[in-house]
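Here is a colleague's note to read beside the model. Keep the viewer open and check each point as you go.

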Amino acid sequence: MPTFHRVCLVSEVPEHLPRHVHVDGMGVLICRHKGGLFALTELCPHKQESMRYGVVMDGKLICPSHTYGFDLSTGRCDKRRQAPAQTYPLEVRGEEVWVEV
């Protein structure tokens, strides 16, 4: 059953770079865009490589290996629709970021 986990503080999430956290043994990236926070899987669905060194631009996380963009809200890939990145529910509670996995 999915459970919310405290992963970091809001102030620890930079504007254009993902914040890498571990949740229940999994790598998750917390991304900030236009004041909103989003949670996506660390692994690119194409080659299972880490996207933790990617950048956040125009509402997408850009994979450093392929330069594919993944929509922060839906995980949809801008180049391959059949391969979305996993997204996770996220809540901000005061100054804390919580992710459900």
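1. Ground rules. This is a predicted model: local features need pLDDT of at least 70, side-chain atom pairs count only at pLDDT 80 or more, and totals for chains, interfaces and linings use all residues. Residues are numbered from 1 along each chain as its sequence is written, and side-chain values use heavy atoms, leaving out hydrogens and water.

2. Disulfides. A disulfide is a pair of cysteine sulfur atoms within 2.5 Å. The count by this rule is 0. Cys31 is in no disulfide; its nearest cysteine sulfur belongs to Cys8, 11 Å away.

3. Burial of the cysteines. Buried means under 20% relative accessible area, exposed means over 50%, and partly exposed is in between (1.4 Å probe, protein chains only). Cys31 is buried, at 0%. Cys44 is also buried, at 0% relative accessibility.

4. His66. This residue sits in the loop between strand E6 (60–62) and strand E7 (69–71); strands are DSSP runs of at least two residues, numbered from the N terminus. His66 counts as buried because its relative accessibility is 16%. Leaving aside residues up to four places away in sequence, His66 touches Cys44, His46 and Lys47 (contact: heavy atoms within 4.5 Å).

5. Leu17. Its place is the loop between strand E1 (4–9) and strand E2 (19–23). Is Leu17 buried or partly exposed? Leu17 is partly exposed, because its relative accessible area is 45%.

Notes: Helix = DSSP H or I, 4+ residues; strand = E, 2+ residues; numbered from the N terminus.
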